[in-house]
Every structure is written in C-alpha cells, then in structure tokens.
Amino acid sequence: MSQRDIATPSRTREILEEHGFSFKKSLGQNFLTEPNILRKIVETANINYETNVIEVGPGIGALTEQLARSAKEVLAFEIDERLIPVLADTLAPYPNVTVINEDILKTNLPEKVKLFKEVLPLKVVANLPYYITTPIMMHFLESEIKVSEMVVMMQKEVADRISAQPETKAYGSLSIAVQYYMEASLAFIVPKTVFMPQPNVDSAILKLVRREQPAVTVSNEKEFFKLTKAAFQSRRKTLWNNLQQTFGKEPATKEWLAKSLAEAAIDPQRRGETLSLSEFAELSNAMEALKPTDK
Ligand code: SAM
C-alpha cells in the first residue's frame, strides 16, 4: 500500500505534472512529501474508526489519504478550485472522504458538520496554510461546533507562541487565547526539506486537547481577551502603562485600574508576560466588578 502513497516525492511530481498544476504561494501551498511524517501526524491525533475528521486544505490529498485510512469520515475544505478535479482523482479509492470547495474561514461549520453520517468525536487535523494559521485556529476554538482535538502543522515559531508558558519571550495574548480553551503541547518538529516547494522556515506539529471547562473562570470573556491583548500591546512597557494605553488615562479610569490591580494583588509595575492565566482572570474579574458606569 505504502508505495502508492500520494505523498512520496515521485508520486507528488507525477500528479502535479499530470494535472498541469502550478503552486500558488498566496494560498500557502507547500505540500508534504513524506508519508512517514503524515502517518506520525495521524498517530499523534489518535484517529480511529470512531473519529470524524475535518481537514483544512487537502492540497492533492497527501494527508487526507492517511486520515481516510484510519478515520470514520473526513470532511476536507479546499479553497483552490484547481485542486478539486485532482482530489477527485487521487482520493477516488476513499469513499469516506468529502471534499468541499470553500474557504474554511467563510464556510458555515455547524451546517457542514451535518454532512457526517454519524455523530462521533470530531478532530481537526491539517497542514495549515501558514498565512492564516491564527484566524483558522480561532475560527475553530470560537465556533459552536466543539472540536475535541486539533493536531495541526504550522510555522514552528507560531507553535512556540501558542504553547508558551509565562515568563518566556514567546508567551503572549495568542498563548492565552488558545490555552483558555485547549491544553497545548508541541508534538514534533518537521524540517522544511520534506515540503514541495520548500518553505523558508521549519514547521511544528501542535497538539491541542479541549479542556472540559475553560482554564479559568471569567465573568466576561470579551473583556478578558481585551485585557490580555492590552497587556501585551508593547512588550517593553509595564502593565500599568499598557493598560492606560487601551483603557484611557482619565483620573476615574486610572483609579479604576489601580483599584482593580490592588484587588487582584498584582503589582502594576510588572510586565504582561509575567502574569499567569489565573492572574489575568483575577484582574479581569476585578475590573468587571469595579467598572465605572461609563466603561
Ligand atoms: N494538506 C496538503 C499537504 O499536507 O500536502 C496541503 C497543505 S498546504 C500547506 C495548505 C492548503 O490549504 C493548500 O492546498 C491551499 O490551497 C489550502 N488553503 C489555503 N487557504 C485556504 C482556505 N482559506 N480555506 C481552505 N483551504 C485553504
């Protein structure tokens, strides 16, 4: 079976030539040409016959094929219409795959998941188009469809930021936005040499497992995320200066911020990157409780 894998370099070249396909850099088209890495991705995601999978950007079907061999059903969203006839050809042996020619960010996910014949645990497995990694991640995390796990390839630098802990350079509002919903861990690194064409940077596989409940309890999610963004606006500035930048410098606002910081027992001179998720939650909850009426 494995010599017929779509993902070998020679088969990939053959498919591309046969269909006269040329890569579009603007769509983040870097295809994986190493079946062993693809199998490792499927193993990392613990896919079996009791799992439905959503794939973003199947390309010519390299990862889709490996997923189809293990999962119950695969729903793959591909924006590039030139790839649709290619996929019809390469994935013909896999009746449990449905390819949808739509932009993942514009599709109606709750409607589309109804296409799965059975309601089963749902996972997202993808080699993401790097130009929209963060919007795609947030699209799934904030969606009403509850994905239990995501195993996704992205630039190593972004995977580092998402899985970062406090007191590190990589820690920021993106780490918090994702870790609020999911437990994040870096599964393995993928060298740039296994892609066609080769990207400029190394990639990493990030594994995200949904928490039963968000990591912290906040009274207002929108305001919590606003606060975390504010805290990292300028990394060299103190929390105090960054908060004033976003929330304002009027005396009443300053008093509100100072009281909230005191209530949460957080020194205003600290930098955002030193605050844990629970400290951000405490501060956000204090700000909500002490909010002046015009805020
Ligand atoms: N899965 C294939 C592989 O691993 O070889 C291809 C991965 S390639 C990095 C990213 C794929 O995402 C491309 O096929 C690209 O056309 C597709 N894509 C880019 N933007 C998209 C979007 N907004 N919605 C759906 N697919 C998209």
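Me: Which residues of α9 meet α10, and which ones in α10 do they touch?
Reply: From α9 it is Glu-223, Lys-226, Leu-227, Ala-230 and Ala-231, and they meet Leu-239, Asn-242, Leu-243, Thr-246 and Phe-247 in α10. Contact here means heavy atoms within 4.5 Å, and helices (H or I, at least four residues) and strands (E, at least two) are DSSP runs numbered from the N terminus. This is a predicted model, in which local features need pLDDT of at least 70 and side-chain atom pairs count only at pLDDT 80 or more, while totals for chains, interfaces and linings use all residues. Residues are numbered from 1 along each chain as its sequence is written, and side-chain values use heavy atoms, with hydrogens and water left out.

Me: At what angle do α9 and α10 cross?
Reply: The axes of α9 (residues 221-231) and α10 cross at roughly 125° and come within 8 Å. That makes the two helices oblique, where angles under 35 degrees count as roughly parallel, over 145 as roughly antiparallel, 65 to 115 as roughly perpendicular and the rest as oblique. The axes are lines fitted to C-alpha atoms, for helices over the stretch in contact, and the angles run from 0 to 180 degrees between N-to-C directions.

Me: And is that crossing left-handed or right-handed?
Reply: α9 passes α10 in a right-handed crossing; a crossing is right-handed if the near helix is turned clockwise from the far one by less than a right angle, and left-handed if anticlockwise.

Me: What about α10 and α11, how do they pack?
Reply: α10 (residues 239-247) and α11 (residues 251-263) pack at about 135° with their axes 11 Å apart, so they are oblique to each other, and their crossing is right-handed. On the α10 side the residues are Leu-239, Trp-240, Leu-243, Gln-244 and Phe-247, which meet Thr-253, Lys-254, Trp-256, Leu-257, Ala-258 and Leu-261 of α11.

Me: Switching to the sheet, what is the strand order?
Reply: Seven strands form an open sheet with mixed pairing, in the order β4-β3-β2-β5-β6-β9-β7. At the edges stand β4 (97-100) and β7 (182-190), each of which has a single partner strand, so one side of each is left without a neighbour in the sheet. Two strands pair if DSSP finds at least two bridges between them. On average, neighbouring strands of this sheet are turned by 20° against each other, with direction ignored.

Me: Is β5 buried or exposed?
Reply: β5 (residues 122-127) is largely enclosed by the rest of the structure, because six of its six residues are buried. Buried means under 20% relative accessible area, exposed over 50% and partly exposed in between, for a 1.4 Å probe and protein chains only. Both faces are covered, with Leu-122, Val-124 and Ala-126 on one side and Lys-123, Val-125 and Asn-127 on the other.

Me: Which strands does β5 pair with?
Reply: β2 (residues 52-56) pairs with β5 in the parallel sense over three bridges, and the bridge partner of Ile-54 in β5 is Val-124. β6 (residues 149-155) also runs parallel to β5, joined by five bridges, and there Asn-127 has Met-153 as its bridge partner. From β5 the chain crosses through α6 (residues 133-141) to β6 in a right-handed β-α-β crossover, meaning that, with the strands pointing away from the viewer, the path from the first strand over the helix to the second runs clockwise.

Me: How do things look at the β4 end?
Reply: β3 (residues 73-77) and β4 pair in the parallel sense over four bridges, and Phe-77 has Ile-100 as its bridge partner in β4. Between β3 and β4 the chain passes through α4 (residues 83-90), and this β-α-β crossover is right-handed.

Me: And at the β7 end, parallel or antiparallel?
Reply: β7 and β9 (residues 203-210) run antiparallel and are joined by eight bridges, with Val-190 standing opposite Ser-203 in β9.

Me: Which strands does α2 lie across?
Reply: α2 (residues 35-44) lies across β5, β6, β7 and β9, running at about 165° to β7, while α7 (residues 156-163) lies across β6, β7 and β9 and runs at about 135° to β6.

Me: Last one, where is Ala-265?
Reply: Ala-265 is in the loop between α11 and α12 (277-289), and it is exposed, with a relative accessible area of 66%.
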